[in-house]
Amino acid sequence: MKKKVYYGKVPVGADSIITVQSMTNTATADINGTINQIKSLESLGCDIIRCAVPDMESAKAISEIKKQIEIPLIADIHFDYRLATEAVKMGADGIRINPGNIGDRSKVFEVVKACKEKNIPIRVGVNSGSVKQTFLDQYNGLNKHSLIESALEQVRIIEDCGYDNLVISIKSSDVRLTYDSYTLIAERTDYPLHLGVTEAGSYSNGIIKSAMGIGSLLLNGIGDTIRVSLTDTPDKEVIVGRKILQFLKIRPYGPNIISCPTCGRTKIDLISIAKEVENRLSTSKKDVTVAIMGCIVNGPGEAREADIGIAGGKGEAVLFKKGQIVKKVREDEIVQVLMDEIEKI
Ligand code: SF4
């Protein structure tokens, strides 16, 4: 049976809903800036937020930040165990550490003791850049075996301190290595898995890598919480994370827009119409499938699963609902008519 942990009230693992995480990019010590960013991410659907804690000022800021946000906060700590114990004292709902860079066992033990007292999860794991040399030597370089053995060693360090409130991550910037490593570790452990393709790159490349890596694992039933990592603003990470879950039908987040690629039959400006509809529905929470199709030949038929849609003609389109044509609409009225009809659903 897979284990379940709780970040505050949010469960992760076993039968829990898959959660979306992101990380703030404000200085955590900038309390107001960090609160504002977290609130904005909350409103976009972020379930769990992580903040870097590089110094004591950041650790102490957690107390005030926590008072003004709704979602659980994970403190991300490296090197200094005192930052971890302080973050826990200040009310962090979980911590992310790499026991290997915290120092000797007595320091790790202090961190575990603090987490144990509050019963908060510790996420451990490796990035492809942090695999220990001994594992690289033992398993002939960086591969799924050296990655997961390195991660499991960290798990054992925490377990040896008498704690098993854990989440594991094994991140690589390589999609296939990410997929192979998580697939293998899922067979070896019952701990919840935090999925992500790390350092996935800027917006477009990062989306593709994340969708492939995270999506393929989720399709195989692997993974309990996800973080899309983009060299961009965290709001985009949350939106992409939501879309991955939405398109896999794991969580409904709002309208699903399907649109045809256009071809020689298209006689209306379908690309602009699709963009406008997508834009206008970007904040809608309505669980509706909308089809934007270029022509009547394949339109309603190809989009039969849609609740509502249009199929273009010359300077006009037909509006259809559940595959049945309802009426004709002039090209310049298409977007508004669609919006009005969606509103009624
Ligand atoms: S729906 Fe019509 S316009 Fe769009 S790609 Fe198919 S055939 Fe072409």
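Strands here are DSSP runs of E with at least two residues, numbered from the N terminus. With that in hand, Ile325 of this predicted model is found in strand β15, which covers residues 324-330.

Zooming out, the protein chain splits into two parts, with domain 1 running over 4-247 and domain 2 over 256-344. Going by C-alpha centres, domain 1 and domain 2 sit 40 Å apart.

The largest pocket holds about 820 Å³ of space. Its lining is made up of 29 residues, and those closest to the pocket centre are Ile239, Arg242, Lys243, Gln246 and Ser282. As for who contributes what, helix α9 (234-247) is one of the elements that supply at least two lining residues each, alongside α1 (31-44), α8 (203-219), α10 (270-280) and strand β11 (256-259). The largest share goes to α9, which brings eight residues to the lining.

Finally, a look at Glu57, which has its place in helix α2, residues 56-67. Glu57 counts as exposed because its relative accessibility is 55%, and the cut-off for that label is over 50%.

Note on methods: Residues numbered from 1 in each chain as written. Predicted model: local features only at pLDDT ≥ 70, side-chain atom pairs only at ≥ 80, totals over all residues. Heavy atoms only, no water. Helix = DSSP H or I, 4+ residues; strand = E, 2+ residues; numbered from the N terminus. Buried < 20%, exposed > 50% of the residue type's maximum accessible area, 1.4 Å probe, protein only. Domains from an automatic or database assignment. 1 Å grid on protein atoms, 1.4 Å probe; cavity = no way out; pocket = protein on both sides within 12 Å on 5 of 7 lines; lining within 4 Å. Points joined across faces, edges and corners; volume = space filled by probe spheres on them.
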